[in-house]
Amino acid sequence: SPFMPTRGTRASLFSFASGGALGGDVDMYGVGGRYKNYVSPWFRHVFSLLLRYETIEEYGDTDHIPYSERLFVGGGNTIRGYDYREVGPKVRKMEEMDSHYRPYGGKSMAIGSAEYSIPLVSKVRFATFYDIGNAWGDSYYTEFTDLASSAGIGIRLDLPGFPVKVDYAWALKKDNEVTDEDKWVVWIGWDR
């Protein structure tokens, strides 16, 4: 099933480049990999494990990666329980008498996720999950002592051509004290 696999492995390695002889405004390249494994131990239960790593780096005349090209973590497709793009490097934004932190993204990111789902009735599944990861400001960098993590429960609706996930997540460990939480996630599509 393309929407809710029950067994098998999907793995990929990728790379890209822009700028230099290829043209474009930003001289940068990136590499990464993704691994997802599905196991159905019994009675249509499904256990899935996801591992993902990406890094990007500038070269040539480019001295920094633009905000729009940086790597972000947090939200329904990476680490549930946190605001969209909220996990990872942040910058402090000053506005008159108030200051707040804004996600800035990183040049490296790593995430992992484990999920176990069981069928309730036809086209409806109950799931429990654990997510972990972070984004870092340097290329080819990871620091496993400052990972954000969350756990939660959810419902999977297998609507024809329109699968929906509804999750409730608890932030277990923040990457830093200014990271904002978001307990509810509604996501179209099951596979991440």
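Predicted model: local features only at pLDDT ≥ 70, side-chain atom pairs only at ≥ 80, totals over all residues.
Residues are numbered from 1 along each chain as its sequence is written, and side-chain values use heavy atoms, with hydrogens and water left out.

**Strands**

Strands here are DSSP runs (E, at least two residues), numbered from the N terminus. Two of them pair if DSSP finds at least two bridges between them.

| Strand | Partner | Bridges |
|---|---|---|
| β3 (residues 46-58) | β7 (residues 108-121) | 10 bridges |
| β7 | β8 (residues 124-136) | 13 bridges |
| β9 (residues 148-157) | β10 (residues 164-173) | 9 bridges |
| β10 | β12 (residues 184-188) | 5 bridges |

Gly112 is a handy landmark: it is the bridge partner of Leu51 in β7, and its own partner in β8 is Ile132. The β7 and β8 hairpin has 2 residues between the strands, and Lys123 in the turn has a positive phi of about 70°. In the hairpin of β9 and β10, with 6 residues between the strands, Gly161 takes a positive phi near 70°.

**Aromatic contacts**

Rings of Phe, Tyr and Trp (its six-membered ring) pair if their centres lie within 6.5 Å; planes under 30 degrees apart are stacked, over 60 edge-to-face, and the rest tilted. The count comes to 6 aromatic pairs. One of them, Tyr67 with Tyr104, is tilted, at 6.3 Å centre to centre and 40° between the planes. Tyr67 lies in the loop between β3 and β4 and Tyr104 in the loop between β6 and β7, so the pair ties together parts that are 37 residues apart in sequence. Tyr168 and Trp184 pair edge-to-face, at 4.9 Å and 65°. Trp184 is exposed at 54% relative accessible area, where exposed means over 50%, buried under 20% and partly exposed in between (1.4 Å probe, protein chains only).

Tyr67, Phe72 and Tyr104 form one aromatic cluster. Arg102 lies over the face of Tyr67, 4.7 Å from the ring centre, and Arg85 over the face of Phe72, at 4.1 Å. Such a charge has NZ of Lys or CZ of Arg within 6 Å of the ring centre and within 35 degrees of the ring normal.

**A pocket**

Phe72 and Arg85 are also among the residues nearest the centre of the second largest pocket, which is lined by 14 residues. A pocket is an open set of points on a 1 Å grid over the protein atoms alone, with protein on both sides within 12 Å along at least five of seven lines; lining residues have an atom within 4 Å of a point.

Key: 1 Å grid on protein atoms, 1.4 Å probe; cavity = no way out; pocket = protein on both sides within 12 Å on 5 of 7 lines; lining within 4 Å. Helix = DSSP H or I, 4+ residues; strand = E, 2+ residues; numbered from the N terminus.
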